[in-house]
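This briefing walks through one protein model, topic by topic. Please keep the sequence and the 3D view open while reading.

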Amino acid sequence: MLSACTGLKSAVETTPPPVPDGGATSDDDDDDDTIDGDAGDVTPPDAGEPPADFECDKDEWTKPTKTRSECNPREVRLVEETSTILTTGIAIAVTPAGRVGISYNTEESQEQGRFHLAHFTPKTSGFTKPEVIERPALPYFHDGMRSRLAATAPDTLHVLTYDVDDVDLVGKLRSTTLVDGKKPLTEPEVVGDSISGDSRISFAVAPDGTAYAMARVAIDATKAKLTAAKREPGGAWTPLADVPEMGLGLLPREAPGIGASALHVDPAGKLHLLFHYNDGIQVSTPRYHTYAATKWTFRKTVDNPATDGVTGYDPHLATFGNRRYALYFYRKAIQDPPQKADLRLATWTGEDRAQIEIVDQGIAAPEQDHPRYAAAMAIDKYGLVHLAIVRPTAANRAYLEYRRQQRIPGGGTKWLSDVVAPEVLGESADAHVALTVDDDARPHIAYRSGADSRVYYATRFDR
C-alpha cells in the first residue's frame, strides 16, 4: 500500500449524455457528498488569440523534407539509438525553462529491466542530442517498469517510477527529481511499497511542488483498490484516503486496463481523478472524483451508464477553468467482426452531465483483451484540446496522429489533423505515446514505435 514508510474523422458527433452515476454502488459511498465540489473555483486568464494553424495533409512529420515548405518545422527526432525491448509505457514533461524530459523502460530480459530518462532543450531545430540517464540495471529487478513525469519552475523534472522485484513480483513506488538538468537524480524516496502485480500508476505535481501519486494495489486474488499519497514541498510522502471503489474490484481479468488512472491538479490546487472501473466481465466505466479535505468526493460515472462494453480504457484528464476534459476509448460489447472501437472526449462542469464527443470511430480492435490503440491529451492556455493518437487500421498496422482544436468564427472549434508517423506498430511490439503542450501552445510528443522498437520525439518549431 502507499504509505509514508520513507480513417481520420473530425466531425463532431454526440451521444445522449449519461446520468451522473450509473455504476455499481459501494459500501464506502456517501450519498450526501457532492460529486464535484464548487463549480466556480477557477477562472482562467485571457490568453488572447491562439497562433495560426493549418493541416499538413499527407506530409507526415517523419518526412525530412515536406511537399509544402511551411510544414518543414514539424519534425521527428530519434531519442536513443538503442532499441527498447518490451517497453510498457512512456511519459513526457516540459519545464518552464524549456527542458523536455522523456521516461521509458526497456526490459533487457525476463528477469531484468532498466529505467531511462532522456532530457534536452529543443529551442531550435538543431537542438543538442538528448542525454539519456539510465539507472544501473540490477539482476532480477525491473527498474521503472512504469514511470510518470511532471515539471515545475524553473527547471525541475519530477519522476515517479514503479520498480518491481522479479523474485516475488512485488514492487515499490519511488519518486526522484532532476534539477536544472544536472546529474545525478536525487536520491529516490519511497512513496509506497508492497505493490503487487502489474500495477497502473499516475502522478501530478502542483506549481508549488505539492506532489500526488496513485497506484492500483491488489487486495487478494479477486479484488484490488486505488491508493494514493501526497508530499508537500520539503515534507515526506503521506497517505491519502483510498478511493472508495471496491465493488467487483479492479483486476484486469475483468476488462483490459482496469485501475488505470489519471491525476490532475488545477491552478486552484484541487486534485482531480479519472480512472477505469469495471462493473463486470468486459464491462467498465470511466469514473471521476475530486479530493476534498480528507476524502474523495462522491463518484461521477462519466460515460456508459448502461454498461454496454469496455468504456474508459487508457484514461486521460485535464481541466480548463471550471471545465473538465476526459479522454478514453470505448469498445462496445458483443460485436460482429470486424470489431471496432471509438475514441471519446467527455466534457462537463460541476455536477452537469458530461457531453460526449466521438473524436474517432471505426478503430480496428480485433483483440478485446489486448487493445493496440493508445492516446494522450493536453489543454493549452487558450483552452484548446491537443491529442496524440496511436490509431490502428488493421491487426498490426497503425499510424500516429496529432489532432488539435482550432477556433472558428462564432465561438466554436474544429479539429485539425496531421500524421506524425505512418507506421508505429510491429507484429508483436506495441506503440506508446505521451503528449504535453507548453506555454506557446507548442506540442511535445514522445512515442515508442513498435515498428522499429525505438523512442522518438516530435514537435513543431514554428511556435
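Predicted model: local features only at pLDDT ≥ 70, side-chain atom pairs only at ≥ 80, totals over all residues.

Which residue in β25 does Ala374 stand opposite? Ala374 faces Val390 of that strand.

- β24 spans residues 374–379, and it pairs with β25 in the antiparallel sense over six bridges.
- The hairpin of β24 and β25 has five residues between the strands, and among them Gly383 takes a positive phi near 85°.
- β25 covers residues 385–394 and is mostly covered, with eight of its 10 residues buried.
- β25 also pairs with β26 (residues 397–407), again in the antiparallel sense, over eight bridges.

**The four-stranded sheet**

- Strands of a sheet pair through backbone hydrogen bonds, in either a parallel or an antiparallel way.
- Here an open sheet is built from four strands in the order β2-β30-β29-β28, and their pairing is antiparallel.
- β2 (74–78) and β28 (432–437) are the edge strands, so called because each pairs on one side only.
- On average, neighbouring strands of this sheet are turned by 20° against each other, direction ignored.
- Inside the sheet, β29 (residues 443–449) and β30 (residues 454–460) pair over six bridges.
- His444 has Thr459 in β30 as its bridge partner.

**Salt bridges**

- Across the whole structure, a search finds 34 salt bridges.
- One of them joins Arg463 to Asp53, with the closest N and O atoms 3.8 Å apart.
- Arg463 lies in the segment after β30 and Asp53 in the loop between β1 (14–15) and β2, so this pair ties together parts that are 410 residues apart in sequence.
- Both Arg463 and Asp53 are buried.
- Arg463 and Asp53 also belong to a network of salt bridges that links Asp53, Arg74, Arg404, Asp418, Arg460, Asp462 and Arg463.
- Arg68 forms a salt bridge with Glu70, and their closest N and O atoms are 3.1 Å apart.
- Is Arg68 buried or partly exposed? Arg68 is partly exposed, because its relative accessible area is 27% and buried means under 20%.
- Glu70, at 37% relative accessibility, counts as partly exposed.
- Arg77 forms a salt bridge with Glu75, the closest N and O atoms being 3.3 Å apart.
- In this pair Arg77 is partly exposed, with a relative accessible area of 26%, whereas Glu75 counts as buried at 17% relative accessibility.

**The second largest pocket**

- What is the volume of the second largest pocket? The value is about 260 Å³.
- The lining of the second largest pocket consists of 14 residues, and the closest to its centre are Arg135, Pro136, Asp143, Arg174 and Pro188.
- β6 (131–134), β7 (141–152) and β9 (170–179) each supply at least two residues of this lining.
- By class, the lining has seven nonpolar, two polar and five charged residues.

Technical notes: Residues numbered from 1 in each chain as written. Heavy atoms only, no water. Pairing = 2+ DSSP bridges. Axes fitted to C-alpha atoms, helices over the stretch in contact; angles between N-to-C directions. 1 Å grid on protein atoms, 1.4 Å probe; cavity = no way out; pocket = protein on both sides within 12 Å on 5 of 7 lines; lining within 4 Å. Points joined across faces, edges and corners; volume = space filled by probe spheres on them. Nonpolar A, V, L, I, M, F, W, Y, C, P; charged D, E, K, R; others polar. Salt bridge = Lys/Arg side-chain N within 4 Å of Asp/Glu carboxyl O. Buried < 20%, exposed > 50% of the residue type's maximum accessible area, 1.4 Å probe, protein only.
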